[in-house]
Amino acid sequence: MDESIKQRIIEFNNQFGIKTVFVTQKDVMGYALGNTIYINESVEQDYEKTNRHELLHFFEETPEFEATKKRLLEEHADKLDDIRSEYELRYFGLYSEEEIKAGVLDTEIAIDMMVDNSSFEYEDGLKIGDDFLGQIQHSIEEKRYLNLSLTANIRGMNLSDWEKIFVLNYYDGKERRLPQGKGADRVQAIREDIEKYLQELYELDETSMQIDSHSPEVIREYESEIKALKARGEDTFYLESDPERGYEEIARRISEQLYAEYKHIVDLMKGLDIEPSLKSMMLRETLTKVYKLDRDNETNKGKTIVKNRKLNESIAGHMILNESTLQFIYEHIGNLDEFKNFANLYFAAVEIYKNTVAEKSQITLEGVDTYGKGTWIKFDGKGTDEENYLENAKKLSALVQDTPWCTKQLASSQLANGDFYVFVDAEQKPHIAVRMEGKSIGEVRGIYNRTRIRRRI
Amino acid sequence: MITVKSYDGRMVTIPEEKKDEYEQNQRLIKMYLKQGKTKEEIKELLKNG
């Protein structure tokens, strides 16, 4: 079986939180068990089609599937008897003719239409299948977002909006139970839990944020660093001769950086006069999620991506949480109809902050003529301004959120190694990034392609 | 539940414990079709088994 097909199937299923295992087993095309789809790679078949078939079965009990199935069956109502009759031989011995006529296989019929497994030609079947899986993927992603849908009993509590959001997200009914009792006593107990939780989050130490040296993201970063060094014509012997050492150094460096970033956010929050419930929810959010704007995907530009953060694996930087973004989030929590979910609210806050960064941070580089096309913005790194480089990292990350540059996730790591320059046009849009490694240029990137700079702006 | 091939090469989802019986029936269906039997004749043959 082609490795690229395997990889495509694995990545496709990952979007739904489903694992994939390739097996060799006589006469079975595939099956599903628990949270895993098993595909038999020793049988000659269309593996992606079989996978899609298994995947659709996974979601056959969702309301979205019921709606799609109903639509498909209604659209083919005039042919339904003939379609069902086709299944009599195919399912002989499993279901009687009467059962099939009564619709016992209608779920199979609907799935077959969506994977081109039906003997009836139906042009739109695959597209309907794609739309259905898109809906499922979206509803799975929605569950990753900070839950802002207050239930009726929480809405009725005598708490602020953010205290209610705390109640919705913090208590899980297992280790964390909603305080019992009524009225003021219950409210008091909830507020004590908020303060206690916030204090726990303030006191997290670096041991809880140690990245495993064998994390897939560390290994990918190691390979990126080697590639970048080779592109600059630099020697990679030190890194390549001992990959284990390379992984450990990268893991250690990023662990320290992420902890420094987190502590910076904590120190900032301690000084802000904002509700403890909002502070605790935002700290929790940055510890458990990675927020990203997907500018790399041609069909999904501007799509917000929220992934679960694993503290021992994820190397992406923390959320941009400062006075500006927190204030915006606090003030606009009542406008959820406009934003639809927390991720959109968060990125709207970052956009506002980004505009202030570009306006306030422009510099003139001596001897550099920009021909009126735009300006350069410099972000001092740790070597230049150790006291403020983490704050600068937040500004830099905000400024480049709409670019495909990894800086939006790794700004503090990059500023730890050197200064950073961004060229923005008259509308404050970034076009060129220059990352310094000490006093040398580490990397220069443009906006339209990962490796080349656009010749004219 | 597992996915196997039907007599006409389509994907079919069946209980794993029924696999052997299912495949035997599908082999018979294929054989009868090669013999030129109609669908109704095949169903009767399989029922009478």
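1. From the N terminus on, the elements of chain B run β-β-α-α, which comes to two helices and two strands; helices (H or I, at least four residues) and strands (E, at least two) are DSSP runs, numbered from the N terminus. Of the 49 residues in chain B, 27% are buried, where a residue is buried if 20 or more other C-beta atoms lie within 10 Å of its own, exposed if 12 or fewer, and partly exposed in between, with C-beta atoms placed from the backbone.

2. This is a predicted model, in which local features need pLDDT of at least 70 and side-chain atom pairs count only at pLDDT 80 or more, while totals for chains, interfaces and linings use all residues. Residues are numbered from 1 along each chain as its sequence is written, and chains are lettered from A and ligands numbered from 1 in the order in which they are written.

3. Confidence should be read alongside the coordinates, and pLDDT is the predictor's confidence in each residue, from 0 to 100. Chain A has a mean pLDDT of 86, with 93% of its residues at 70 or more. Within chain A, confidence is highest in helix 14 (residues 276-288), at a mean of 95, and lowest in strand 6 (residues 362-363), at 62. Over residues 450-457 of chain A, pLDDT stays under 50, and the model has twelve contacts beyond four places in sequence for them; two residues are in contact if their C-beta atoms, placed from the backbone, lie within 7 Å.

4. Within chain B, strand 1 and strand 2 run antiparallel and are joined by four bridges; two strands pair if DSSP finds at least two bridges between them. One of these bridges has B:V4 with B:V12 of strand 2 as its partner. The hairpin formed by these strands of chain B has five residues between them, and there B:G9 takes a positive phi near 80°.

5. In strand 1 of chain B, B:I2 is the bridge partner of A:Y31, and B:T3 stands opposite A:G30. On the chain A side, strand 2 is also joined to strand 3 (residues 36-40) of chain A by four bridges, again running antiparallel, and there A:Y31 stands opposite A:Y38.

6. Which strands make up the open sheet, and in what order? Five strands lie in the order 1(A)-3(A)-2(A)-1(B)-2(B), with mixed pairing. Strand 1 (19-23) of chain A and strand 2 of chain B stand at the edges with a single partner strand each, so one side of each is left without a neighbour in the sheet. From one strand to the next, the twist averages 25°, where axes are lines fitted to C-alpha atoms, for helices over the stretch in contact, and angles run from 0 to 180 degrees between N-to-C directions. Helix 1 (residues 3-14) of chain A lies across strand 1 and strand 3 of chain A, running at about 150° to strand 1 of chain A.

7. The contact between the chains takes 18 residues from chain A and 22 residues from chain B. On the side of chain B that touches chain A, strand 1 (2-5), strand 2 (11-14), helix 1 (19-34) and helix 2 (39-48) of chain B each supply at least two residues, and the largest share, five residues, comes from helix 1 of chain B. The residues of that side of chain B divide into eleven nonpolar, four polar and seven charged, where Ala, Val, Leu, Ile, Met, Phe, Trp, Tyr, Cys and Pro count as nonpolar, Asp, Glu, Lys and Arg as charged, and the others, Gly among them, as polar.

8. Helix 3 (residues 63-75) and helix 6 (residues 106-114) of chain A pack at an angle of about 85°, with their axes 10 Å apart. That makes helix 3 of chain A roughly perpendicular to helix 6 of chain A (angles under 35 degrees count as roughly parallel, over 145 as roughly antiparallel, 65 to 115 as roughly perpendicular and the rest as oblique). The contact is made by A:T68, A:K69, A:L72 and A:L73 of helix 3 and A:D106, A:T107, A:A110 and A:M113 of helix 6.

9. Ten of the eleven residues of helix 18 (residues 389-399) of chain A are buried, so this helix is largely enclosed by the rest of the structure.

10. A:D116 deserves a look, as a residue that has a positive phi of about 60° although it is not a glycine. A:D116 is found in the loop between helix 6 and helix 7 (125-144) of chain A, and counts as partly exposed, with 16 C-beta neighbours inside 10 Å.
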